[in-house]
Structures are given as structure tokens and as C-alpha cells.
Amino acid sequence: MSEIEFRVPLGLGEILQDAVYREGSHEYVAFGLVSHASLGGRDTLLLCQVLSLPESAYRNDLKHGATWGGMAMVPVIEQAMSEKLGIVLFHAHPCHGLPSFSDDDRMSADRLLPMFQQRVPTRPHGSVVLSKTHASGVILMPGETRPKTAIAVRWYGAAISKWPASDEAINTSDEPIFNRQALLVSRPGQVILRQARVAVVGLGGGGSHIVQQLAHIGVGEIIVIDPDRVENTNRHRLVGLTSIDIWLKRRKADVMHRLVRRIGTGSKCRRIPVRVPEPLAVEALKEADVIVGCLDHLHARLDLQDVAWRFLIPYVDIGVSIRPITNASEGDPRVAIGGNVITLIPGGFCLWCCGFLSQEKLSLELNGPNRGYFQGRAGEAQVVSLNGIVASQAVNEVLQLLTGFGGTGIRRRDVAADSNGSNQRGFKKLNGITGTLQEWGASRRSGCASCTTALGRGMLTWAAAI
Amino acid sequence: MRQEAIEQAIQDLGAIYGDEVQSAREGSQTFVRLKAIELYSTCRPPVTPMLLVFDHSQPKPFVYVRPGQLLANGRVPKTSSTVLIGGESWMQFSFNIPWTEEDNIMRFVAAARQRFAQDE
């Protein structure tokens, strides 16, 4: 596949568009610092930072849309070298449709890209022009001399907004089985669902509900990840489980595969019967459009968060916790039922930012110096109906991310939970006694190590040590 | 570990393993990957990449090998598990390696290799 995809985290898209769509006496440019990864066989550029030039750096030149002094790029190049990131020059032709990458743009790219490549040879570099709906330009991958020119863009905001690499009209779905669902997600939305790939990690009481619903809504491919085999004690909560599965000790992934097939809406199911972060599972996760985690353990969530942040993939986390209240008065609830549905959009708050993960909590979960000493949470209370509440909301979140039925904006305000916009929605807490899911919201924390070191960084960039 | 000690360790590894040594940095951590380390001949596989992670806040590096590495007797090392480091899967294992930053890093690597000659 020769197409390149750009992934732009929440917040950075806004900065980039504000920089290049600015109106003035000349065109404006912005420099994107990028890492890259091969995700599902496709070269993917992951935007990490956007840097603009000060007005004083531009020169008056009527022959070109924008001209700037070479020295103005020194801080950009230095930062790219220090962080080992590629440089992509952006400008805009704010029209609709595929913008033309002019001869002037090409000549400028021919001059700049080899220079960028010389400074950071291990990363891609490029020059891209944005319209209001598409992107075109040239991207030079490391070690390649022939640039790639088909560029798709994936903007993260309230939903995933995809700009296609060509201006061919989007095919609209005409699958009658989804007629009533399409009233919510729209016909193009139904096509997006059909083309989507969602990974579900953990196929127990929560994950099995989610797989079932993803198949009902017609998600193209559901990647089911879990190494476990079913047991008799799963019978009360694992959706799709039969007595014979227990007798044959079938893998949960196989049970989910059969469940998807029997629903018969055309969804495919890929089975990955290993634990995250085994290599096979990590490679499968990297291909997903959205990851849904239904896991008991914080360490497993830490791994999903890491993959999601490095490769810019939205991650929806669910969990339910039922704990007895030992000193409850007669007539009062005997249990506290809590839970969460956390929607993590790359560039927004992460599990560390919202306090769900902390070093103290992770240490408590271990029983020794490393994960080999880990002890599970078997024996905790589980009820199918309570799992179903958070699972259904997680599928709503996936629907929103993929189809944007609740709004598709790429700006931070589009995901704001409160009126001043400082709190991002996406952290819902369950009160199982009152039967409510309440939006708590959370904010990205400045100085968060996960957001500063892992977001959009892909794999480590190795260099010769001597 | 002090930055000078980390740099010295990388230099020492480079002097022995040459092109087989690669390094990367992320945040406060320095990663060193040794492309192929020979283990005991009956280990499966007998050669593994090894990852050393140096951190200023830790007195010695963390060490990892390729997931699925078996001991010389064909067993899975006790209290081992797979972890994600820099977006890649690695196997961590339990082994107390007596080492300080004044020691040569090769002593640390040799002790890590020795772990796979043990019975469990």
C-alpha cells in the first residue's frame, strides 16, 4: 500500500489549522515534528509537535505564497535533531477537495527535504498542503528516494475525522439490516463502521458484551484478544457461552468468534489467544482504529495505554468493582458498586492524568519485584447486568469515535465537559446502586510523563551506540 | 546511575560488541540493545537480543531478553513475564545481579547470561 496516513492528536490539529489557515498578507506555514510506524502494513506518520514561525520571519515576496528566512528554521531543525523526529512543512489552500501541490511547493520540497533528511535520517520528512477536506504533498520515508504522494489524515477530536487520500466520493452503505441504526450514525457512518477495526482486550463479563454489540452494529473487523479458556464459573456472565464450550474448555476467543459469526451482520472476528503485551497481541493492537480494554489489572491497562499513546489510537477502558460494606446498617446497601468508562483520545487526558494509574497503585498490585509475582483478582464479585451497563456505554463511545453522531469537531472545546473547557469529557463513573453513569471529566496534566514521552512516539528510534 | 557511568557503560559495550550495540533515549531513560547475546548452548534459542535500560534514579540497569526465551533445561524461567518497553515486547526475569556502577558493565551482562544456565 503506497498511501501514507497522518495521525493528528487532539489539540495539535487545532494548533496546526490555526497556524496555516491564518489570514494575512501572505500564506503561513507550520512545521510538524513527526515519528512514524508501520501500522497494519501502512506507513503512518504520528504528529508530535507543531511549531510556527513568528511574523518577523516572513519576507515580502510576491512571487511565492510564503517566503521565510532559512535561519528561522534553525530552532525547528535543532528540536527535530534533539528529539530524533522528522519534519513536515505544512501550508494551506483553504478550498474544498484535493488541493494542488504546485510546482513552487515541489521546488521548495526538493530543496528542503534532503536537508531535513541529512539532519535526521531515521525519520520521514515531507511537505504537505491542506485544504479544508484533503491533503496532498510529498513524504520522503527514511532510506527511500521516491516520495509518497497519497496522503490520508486522521484528526482526533470529539470523533475520528478522516480525510481520504483521494477525492473519490465516499461510498454510502445500502445494507437494509442497518436501516434503523443509520438514522443515528448516517449512511456514511455505517460505511465507516463497516471499514473499522476494533480490538477488544479481555473477553470476560465485560468484553463478551462488547464483542456481541460490536457485531450487531456491523463493525468490519473485531480483534478479540484473550489467552484464557472458559470455566464453569464464567457461565453466569460470559455472553455467548454454552455448556459444551465449558465441557470442551474452549478458548474465550473461539467462543467470541462463533458469537460474531452467528450474529451474521458481516463482521469478521480475528482471534488473538495470547496475553497483552505478547508480541502477537501488540502487533494486532497496532492495527486497530479503537482499542477497548476490559481488564481487571492496572498493569494490563498500563500496557494498553502505552500502545494507544505511542501509536495514537483511541482507547476505551471499562471496569466494574463490587465491594462489600462490612459495617452497613440494616436496610442500607450491603455493597458499594463502582465502575468506570474512560475514553482516552490521544492528545487528551490519559490514565495517569486522571489519577486512574499511579505508581503506588501499580506497586500495590504486584506481590514482588516484577510482574512474574503478579497475583490475579479472581474471586471478586461479578454480575452480568452491571457489566452490561459499562459495556453498552463503551460501545456508545466507540460509535461516537467512529461515526461522530454526537459531534465531530477537532478542537479541544468539542470535547469539553464543562463550560470553561478546561475539563475534557470521557471519564464516566458508575454508581451501580443508583444505576447511573455520571460524567466526571478530567484534564490533561502538564508534566505527565506518559503524555510527554510516549504520545505519538511510535517505537524507540535506535542509533548506533558508537 | 550517573550520566557519566551510563555513557561509560555504553562505550564499554560498544568496544566489545561493536555494531551489534544500538542505543535510544526517551525521557530520563537510556536504552541499549545488544542485537545478539550468546547464552548457554542448550538454551532455546541459544542466542537472544538483550535490552538494558539505564535510569538516573536506579543504581543499576534493568535487563530484558526476547519473549519466549527458555532456560538451558528447556524450562520457562521462574517469575518471568512479558513487558512493553518503548512499544516493543520484552521478557523480564527475576535475578539479583550484584553490581555497582563502579563495576564494568560486561560483568552485569555476563551475570544476566548466567541466569539462563540455571535450573528454574
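Two strands pair if DSSP finds at least two bridges between them, and helices (H or I, at least four residues) and strands (E, at least two) are DSSP runs numbered from the N terminus. The model shown here is predicted, with local features needing pLDDT of at least 70 and side-chain atom pairs counting only at pLDDT 80 or more, while totals for chains, interfaces and linings use all residues. Residues are numbered from 1 along each chain as its sequence is written, and chains are lettered from A and ligands numbered from 1 in the order in which they are written.

**View 1. Strand 3 of chain A and its partners.** Let us start with strand 2 of chain A, which pairs with strand 3 of chain A in the antiparallel sense over ten bridges. Look for Val34(A), which stands opposite Leu47(A) of strand 3. The two strands form a hairpin with two residues between them, where Gly40(A) takes a positive phi near 60 degrees. Strand 3 (residues 42-52) of chain A also pairs with strand 1 (residues 4-8) of chain A, here in the parallel sense over four bridges. In this pairing, find Phe6(A) opposite Leu45(A) of strand 3.

**View 2. Where the two domains of chain A meet.** Chain A has domain 1 (4-163) and domain 2 (176-454), with bounds that come from an automatic or database domain assignment. The C-alpha centres of these domains lie 34 Å apart. Between them, 18 residues of domain 1 are in contact with 24 residues of domain 2; two residues are in contact if their C-beta atoms, placed from the backbone, lie within 7 Å. On the domain 1 side, helix 1 (12-20) of chain A gives the largest share, three residues. By class, that side has eleven nonpolar, five polar and two charged residues. Here Ala, Val, Leu, Ile, Met, Phe, Trp, Tyr, Cys and Pro count as nonpolar, Asp, Glu, Lys and Arg as charged, and the others, Gly among them, as polar.

**View 3. Helix 6 beside helix 8 in chain A.** The axes of helix 6 (residues 205-217) and helix 8 (residues 252-263) of chain A come within 9 Å and cross at roughly 25 degrees. Axes are lines fitted to C-alpha atoms, for helices over the stretch in contact, and angles run from 0 to 180 degrees between N-to-C directions. The two helices are therefore roughly parallel to each other, a term for angles under 35 degrees. Helix 6 brings Ser208(A), Val211(A), Gln212(A), Ala215(A) and His216(A) to the contact, and helix 8 brings Met256(A), Leu259(A), Val260(A) and Ile263(A). These divide into six nonpolar, three polar and no charged residues.

**View 4. Chain A meets chain B.** The contact takes 26 residues from chain B and 26 residues from chain A. Strand 1 (21-26) of chain B gives the most to its side, with five residues. The chain B side divides into nine nonpolar, 13 polar and four charged residues.

View 5. Seven strands form an open sheet in the order 19(A)-1(B)-2(B)-3(B)-4(B)-6(B)-5(B), and the pairing is antiparallel.

Key:
Parallel < 35°, antiparallel > 145°, perpendicular 65-115°, else oblique.
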